[in-house]
Amino acid sequence: MPDAGISGHLPGRLVGDTHLLPIRVYYEDTDFSARVYHASYLRFMERGRTELLRAAEVAQSDLHAQMGGLAFVVRKMVIDFLGAALMDDVLTVVTRPKEMRGASMTLFQEVRRGEDVLVTAEVTVAAVRGGRAVRIPDELRAALSPLAE
């Protein structure tokens, strides 16, 4: 499923089954106290999940275009805020597949500043087409299987 849209330089790197994505905190990510606003972590983690797929040579835009409108939607997220990032911090979004089922995949994510874990999340995403859950296609499952147990 490789496409010109996902070739070239990709943000982050895949280390074994874990994707590491560096992110710098900008003013727009913060609240009035220069700390990262809680919803910004959700955007950071979304980028981490997207770049994990790209590292497995899967672009979400290709899934949608080539597989009849297939998309992933967040079904469930359990999140724990442990610390605060500040403006200009460089963070690492850690994304690791945990489990793949018929129409869903569960991933473990962390947002770290150096060795300090600031946020942890377990995220379940569902494959959908036309508003209904569908089985993750075999070719996509094959691309992600080496990463998920």
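Trainee: In the hairpin of S1 and S2, which residue takes a positive phi?

Mentor: Quick caveat: this is a predicted model, where local features need pLDDT of at least 70, side-chain atom pairs count only at pLDDT 80 or more, and totals for chains, interfaces and linings use all residues. Numbering starts from 1 along each chain as its sequence is written, and side-chain values use heavy atoms, with hydrogens and water left out. Strands here are DSSP runs of E, at least two residues, and helices are runs of H or I, at least four, numbered from the N terminus. The hairpin has two residues between its strands, and the positive phi, near 65 degrees, belongs to Gly16.

Trainee: Are the rings of Tyr41 and Phe44 stacked or edge-to-face?

Mentor: Rings of Phe, Tyr and Trp (its six-membered ring) pair if their centres lie within 6.5 Å; planes under 30 degrees apart are stacked, over 60 edge-to-face, and the rest tilted. That rule gives two aromatic pairs. For Tyr41 and Phe44 the centres are 6.1 Å apart and the planes at 85 degrees, so the pair is edge-to-face.

Trainee: Which residues do ring pairs link into a cluster?

Mentor: Start in helix H1 (residues 38–55), where Tyr41 and Phe44 are three residues apart, about one helical turn. Ring pairs make a cluster of Tyr41, Phe44 and Phe81.

Technical notes. Two strands pair if DSSP finds at least two bridges between them.
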